[in-house]
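Here is my note on the model, as numbered points. Please read it beside the coordinates.

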Amino acid sequence: MNFELDNVPERTKKPRTNGLTMVMDKGLSVRQAEDLVAVGADYMDFIKLGWTTAYIVPQLNEKLAVYRDAGVHPYFGGTLFEAFVIRNQFDDFLRVIEKYGLEYAEVSDGSIALPHEEKCRYIEKVAQYATVISEVGSKDNTKIMAPYKWISLMKAELEAGTWRLIAESRESGNVGLYRESGEVRQGLVDEILNEIPSEKIIWEAPLKSQQVYFIHLIGSNVNLGNINPNEIIALETTRLGLRGDTFHNFI
Amino acid sequence: MNFELDNVPERTKKPRTNGLTMVMDKGLSVRQAEDLVAVGADYMDFIKLGWTTAYIVPQLNEKLAVYRDAGVHPYFGGTLFEAFVIRNQFDDFLRVIEKYGLEYAEVSDGSIALPHEEKCRYIEKVAQYATVISEVGSKDNTKIMAPYKWISLMKAELEAGTWRLIAESRESGNVGLYRESGEVRQGLVDEILNEIPSEKIIWEAPLKSQQVYFIHLIGSNVNLGNINPNEIIALETTRLGLRGDTFHNFI
Amino acid sequence: MNFELDNVPERTKKPRTNGLTMVMDKGLSVRQAEDLVAVGADYMDFIKLGWTTAYIVPQLNEKLAVYRDAGVHPYFGGTLFEAFVIRNQFDDFLRVIEKYGLEYAEVSDGSIALPHEEKCRYIEKVAQYATVISEVGSKDNTKIMAPYKWISLMKAELEAGTWRLIAESRESGNVGLYRESGEVRQGLVDEILNEIPSEKIIWEAPLKSQQVYFIHLIGSNVNLGNINPNEIIALETTRLGLRGDTFHNFI
């Protein structure tokens, strides 16, 4: 901190197991990645190379090195896993994990129909190569799941070896956990929290109103994901109760 | 590509005549332009210096050099042409084309009232100095043209020497081709495509939903314009059927 | 300007007392700050390090130096003042002003309840250390003030030593001066302008429609604030009547 302010809530320090921030990189250049970690290295734990951008982005190895040197774990979006699976190229996906030395990998079924037992078997297999983050919830807003269904899927995926569950929102924050307007499905969140430890979940929350909602509900050290690179400092002030929306949280 | 994925649709290669991407620069610095081409050079064909930003942006020559060195054609937004015409300075506009060695120039009437025959004469004149891209459709959402009118204007402009037609949307994607909500005027698009070869048209599509619409309708190699610099990698994955919205297009 | 256009309205030159542009920095890196001034130095007068971002952003001194070297005055958002006051650390706030050699400081009550006489006493005290910019209007959209109230607060703050008044909008442009939709409260603006000289007010106007509204109402040289760093060139063209929205203002 640049100067002293009393009564600022304590944030967990890196390497964190709780209070995680996952930022979404949807095609930054190497220099833009350097800019991001120049301000955000202390405040971000993971960087997701969104969906399949890792397939086409130039200078991928150089970018991964920038993130790693700053102590930020890179991983590839779950849509990449799905793109391999739907092409019967799952083994090639494992080769990609090895080729880029990825310590984390995402398993999801947001864009493909995958029997849940099969998804859990994929989690088990990927877990032999990397720490698995698995995503629950469809990218299709017409496929709304009841809360009990979310919970049973989450439990099964934890049992299969998932390290952290990601609750789907897309980059735009309007599916899965959220209504089309971006509003949080509060009943769904409450039921999930009643059954699953909150530290096991990374809530995708790209919109400020969604970040504020979860910080009010769970506290400064909630796990949040799909954060816009430009918002990393803003989010940290929100976590600390130092922005209008959360100003009275901790005082 | 960084690794192998089967059954990814083939994209045209540079120099492209179809499957063009035109990105909108609304005031990038030289270094930001370098960042853009570092990730996007292979995926973008044109960069439009939006409306009249070329008039005031510092280090204009340096920025143009960055784009040219990366094999991306820069040109100035049509509003600049209109700003010269409304001041009776059309000859000075031709001097600007020469001064900056521009190979492409945009002719439009989005902000001024110009009899269409006069617009076509301007197209003929500009075509003696640069390859002309001409824009059809008003920036004023209260001026809605019937489809037959769009088509007759487009045909006349092609006859006058236009190389590619641009269908207006503004930077915000809510006029011309689109309703105020950003939704595509589908009937209009269908009628245009019935009369004008799609490769002759660059569809301004700044919003993701608009890009997805045209990729579904016309395919990976549709010409798209007014793309945000931050979205160049994202758009390319969408063209390739590797993002949720188009995931099942090509499989 | 890069070439000659006739009949472009005259803009005030730096150091300006009117026609001011204040840009919002919500966590730029040092290099991103360099990029901003590379295009914007001539067009921006102030840079606000939004709310409390100055508390946590790395390399703060280096960033302040970049702005100062470009002739742009940096200052810290009013929420930082409030964060000190609510903790009974007002003297420490004055130390921060001294430590960073700030020539300007913002006093506000957007997130805390402060009797207005007390706010004015703070203005008097801060004015002994820096030129005061004070902000009127709540960040809470449920607290709507009548126009006569805005005016009496503004007059009292000018009397207490405020150099410029800022009319609140937040970063999102949907409170204070604006309805939740972002639309301007026009009656409020008219009544304020009837009583307070417009050059004394910086209108926070983060959305393009808001910028256009005030340029139409007051002219090219209106004072505007909370401008997005990416929009500095765009705003300047709008001021000059060289963008669709203001194209016919000056011709």
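1. Start with Ser220(A). Ser220(A) sits in the loop that links helix 9 (208–218) to strand 8 (224–227) of chain A. Helices (H or I, at least four residues) and strands (E, at least two) are DSSP runs, numbered from the N terminus. Ser220(A) has a relative accessible area of 6% and is therefore buried. The cut-offs are under 20% relative accessible area for buried, over 50% for exposed, and partly exposed in between (1.4 Å probe, protein chains only). In sequence, Ser220(A) and Glu10(A) are 210 residues apart; in space, their C-alpha atoms are 8.0 Å apart.

2. Ground rules. This is a predicted model, in which local features need pLDDT of at least 70 and side-chain atom pairs count only at pLDDT 80 or more, while totals for chains, interfaces and linings use all residues. Residues are numbered from 1 along each chain as its sequence is written, chains are lettered from A and ligands numbered from 1 in the order in which they are written, and side-chain values use heavy atoms, with hydrogens and water left out.

3. Glu168(B). Is this residue buried or exposed? Glu168(B) is buried, at 0% relative accessibility. Its place is the loop between strand 6 (164–167) and helix 8 (186–195) of chain B. Contact means heavy atoms within 4.5 Å. Not counting residues up to four places away in sequence, Glu168(B) touches several residues of chain B, including Glu135(B), Lys139(B), Trp150(B) and Glu204(B). Val136(B), Gly137(B) and Ser138(B) are also among them.

4. Ile112(C). This residue lies in the loop between strand 4 (104–107) and helix 6 (116–126) of chain C. Ile112(C) counts as buried, at 9% relative accessibility. Which residues does Ile112(C) contact, leaving aside neighbours within four places in sequence? From chain A, they are Phe247(A) and His248(A); from chain C, they are Glu82(C), Val85(C) and Ile86(C). Met24(C) is 88 residues from Ile112(C) in sequence and 21 Å away in space, C-alpha to C-alpha.

5. Chain A overall. Chain A holds 10 helices and eight strands. Its radius of gyration is 18 Å, which agrees with the value near 18 Å for a compact globule of 251 residues. That radius is taken over C-alpha atoms, and the globule rule is 2.2 Å times the number of residues to the power 0.38. The C-alpha trace spans about 55 × 45 × 30 Å along its principal axes. Of the 251 residues in chain A, 62% are buried. Among contacts with a separation of 6 or more, 72% join residues 24 or more positions apart.

6. Surface and charge. Chain A exposes about 9,300 Å², with 45% of it supplied by carbon and sulfur atoms. These areas come from the Shrake-Rupley method with a 1.4 Å probe; for residues, only the protein chains shown count as cover. Chain A carries 27 positive and 36 negative side chains, and the centres of the two sets lie 2 Å apart. Lys and Arg count as positive, Asp and Glu as negative; His and the chain ends are not counted. Each charge is placed at NZ of Lys, CZ of Arg, CG of Asp or CD of Glu.
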